[in-house]
Amino acid sequence: MNPSHLLQHMPEAVLQLDADGFIGYANPMATTLTGYPPQELLNGSRVLLYAGPEDSIRAEYEFGIAARTGQYTSEGWRLRKDGSRFWGELLISALRNDDGSTSAFTVLLRDTSARKEAEVELRKSEERFRIMVEGVSEYGIFLLDTTGHILTWNDGAARIKGYSPSEIIGKHFSTFYTTEDLQDGKPAREIRIAAETGKYEEEGWRVRKNGSVFWANIVITALLNEQNKLVGFSKVTRDLTDRRFNEETLRQSEERYRSLVEQVIDYGIFLMDEKGRIVSWNEGARRISGYGPDEIIGKYFSIFYPEEDLLNGKPAHELKVARAEGKYEEEGWRLRKDGSRFWASVLITAVFNNDGTLIGFSKVTRDLTERKESERALRDSFERYRRLAEELKLTNRELVEANGELEQFTSIVSHDLQEPIRSIKGFLQLIEMKLTEGATADLGTYIRKSIGAADRMRELIQNLLQYAQLGKSELAPQPVDLNALLNESLQNLREVIERSKAQITIENEVDSVPGDRVQLGQLIQNLLSNALKFTETEFPKIRIRIRRAGDEAHFSVSDNGIGISQGDLLKVFEIFRRLHTNKPYPGTGIGLAICKKIVDRHGGRIWPESEPGKGTTFHFTLNEAIQEKILTP
Amino acid sequence: MKTYRIILVENDEDEQFFMREAFEASGRFEVLAQASNGDELVTWLREHPGQLPDLILSDLNMPGMNGMELLHALRADARYAALPVVITSTSSTQSIIDRALAAGASWYRVKPETFISYGPFAETLYQELQARLAVG
């Protein structure tokens with residue numbers, strides 16, 4: 001193919017112009033492009049390649065540059081013959097003579113309208129985008145080059161970060177990071193991640209120009225060209241400080257509360273929904289009940305209640321009360337996971353939302369078992385000690401009594417039993433002396449006195465044994481027929497009664513009393529004998545009365561005898577105590593002591609009432625203490 | 001030689017008899033009165049206001065007002081509070097002796113083994129009395 005053929009088929013217009021700018025050659029493509037036929041192009045002006053005759057100034061300027069510099073590329077509107085225009089690229093090359101002067105120009109004209117249009121469209125679109133981006137004040141939006149240097153800066157970025165575009169463009173985007181983040185190499189990591197994955201997004205602290213920090217939401221997007229080559233990054237930054245502050249405050253407060261509640265170990269604290277299903281669970285609840293959160297959340301809180309409470313509908317009742325009154329409080333038994341019981345202090349509080357709608361309940365449970373048990377142990381030990389103290393008191397009283405009796409016994413042995421022996425020994429010595437002297441006159445008297453002393457001694461010993469016998473065995477009370485008892489006593493004393501010509505009256509309104517029949521008989525006989533003995537009148541009058549007084553029987557034995565002075569009333573019951581010298585009122589002084597002991601043994605009281613010279617009444621009751629004992633064992 | 005006026009308080013008639021015999025035979029004592037218990041003593045003292053004894057010798061165990069009560073009665077009465085009262089008894093039990101001394105007994109003498117031995121008892125009592133009164 002020859003060169004001329006080549007030019008003829010070039011897809012671009014190729015023209016040759018002389019040094020003055022007139023067209024010497026134009027290929028067919030030049031006609032196609034400009035609309036001018038070849039005959040109009042040949043010798044035509046270079047202005048045909050421009051946008052009309054008035055554009056010749058520009059043509060002259062551009063060809064002038066090309067003549068000086070050798071080449072010039074011009075872009076601009078061209079006018080076709082029909083008046084339509086196209087965007088054409090004109091490449092002007094100057095051909096030189098040997099002397100350097102311009103001999104001719106070769107011109108290449110290319111229709112670049114399509115590209116231009118796209119370019120214009122793009123520019124328009126970019127412009128809109130730029131305006132939009134720059135106008136956005138809520139977001140900081142800017143471009144970074146591949147190394148992270150800032151290329152653009154919008155109003156939002158200026159507003160958020162405080163830098164004007166002139167201050168920041170060209171700087172590295174790490175300017176916005178905190179010292180810690182910088183030490184951590186965070187900026188480099190972020191753009192690396194963005195480059196590798198296309199995007200990096202996070203929320204974090206960023207630094208403003210004035211040094212203050214703000215909570216930022218950032219998105220770094222990798223910008224790739226058509227060859228998928230990284231050309232830079234866009235970065236969008238949003239200031240979340242306000243939102244962040246509110247959220248953070250709320251979150252921190254909730255977190256603090258949650259961790260507080262969760263870490264409480266002495267109290268079981270949990271939330272329930274409005275139906276009583278458990279929705280949260282703390283450590284204390286786990287420790288107290290033995291359930292872990294996984295086992296218990298979602299269950300009804302009635303799981304903690306013993307069967308009887310469930311049968312009574314107690315859980316539902318408690319929620320009802322809490323709902324109606326705001327809270328429900330009590331102490332009661334609850335069940336652990338292992339089925340064991342614990343004594344719980346429980347507070348259920350109804351939880352309402354802002355609208356006043358019930359959304360659930362909180363429940364605070366405390367295990368008081370230990371406290372209760374220590375209280376009970378304390379109480380038990382107190383009771384044990386009290387009981388022990390009571391027993392000690394009783395033992396002590398018994399010991400004091402035993403001691404008193406022992407002392408009494410000492411006194412009895414050293415005086416009452418000693419005296420007859422002294423007498424007997426004294427008289428025997430006297431008898432011996434008299435016999436030595438050969439005198440026998442008084443011997444009979446001494447012997448009689450000795451026998452009398454021996455008799456007194458025997459009587460004392462018998463009485464003492466009788467008295468001691470009374471305290472020996474436990475009393476086994478049997479119903480005693482009082483009428484029969486009285487008759488028997490009178491029968492036993494019949495001889496004495498007849499001799500003293502005593503008049504005895506009986507008023508009895510009680511059939512029987514519980515007691516020891518033998519001892520009660522002895523009691524009545526002793527009192528009767530006493531009454532008979534201390535009566536000086538010719539006709540002793542003795543009255544026995546038994547009256548019912550409540551549940552007990554009240555006995556009294558009255559005489560019209562010599563009476564007892566006020567000061568001696570309490571002495572009458574002392575063993576071997578005699579208020580009167582032997583001669584007129586013989587006796588060992590043990591009768592009333594025995595009476596007292598029998599009454600004591602029967603849980604009763606005995607006391608005398610007397611007016612000296614007028615007579616004495618002995619009163620006694622039975623079974624007061626015994627009845628008490630039966631009622632409160 | 002000084003003789004002391006004494007009142008004997010003893011309920012046993014025989015004992016009373018031998019005591020009196022021995023005290024009078026000693027030549028050291030003048031038996032001012034005899035009483036069979038505290039009641040009789042108090043009555044006698046009341047009835048003989050000008051005749052205070054130098055010494056009262058009393059048994060402890062007697063019907064009616066006994067030796068202890070006698071001590072209480074005398075010590076509670078200003079007229080007899082300083083009167084020497086010797087308590088005598090068959091008992092040598094310390095607790096009984098202590099009680100008698102606490103009740104105001106001037107001293108305590110265990111009775112002689114038999115009542116025919118009151119001679120030496122009277123002699124000893126005299127010696128003690130002299131020693132005490134000389135000191136007192």
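Reader: What share of the 633 residues in chain A is buried, and what makes a residue count as buried?

Author: In chain A, 26% of the 633 residues are buried, a residue being buried if 20 or more other C-beta atoms, placed from the backbone, lie within 10 Å of its own, exposed if 12 or fewer do, and partly exposed in between. This is a predicted model, in which local features need pLDDT of at least 70 and side-chain atom pairs count only at pLDDT 80 or more, while totals for chains, interfaces and linings use all residues. Residues are numbered from 1 along each chain as its sequence is written, and chains are lettered from A and ligands numbered from 1 in the order in which they are written.

Reader: Why does D59(B) count as buried?

Author: D59(B) has 27 C-beta neighbours inside 10 Å, and therefore counts as buried. The residue lies in strand β3 (residues 55–59) of chain B, strands being DSSP runs of E with at least two residues and helices runs of H or I with at least four, numbered from the N terminus.

Reader: Which residues is D59(B) in contact with, leaving aside its neighbours within four places in sequence?

Author: They are V9(B), E10(B), N11(B), G67(B), T88(B) and S89(B), where contact requires that the C-beta atoms, placed from the backbone, lie within 7 Å.

Reader: How many residues of chain B are in contact with chain A?

Author: On the chain B side there are 18, which meet 20 residues of chain A.

Key: Contact = placed C-beta atoms within 7 Å.
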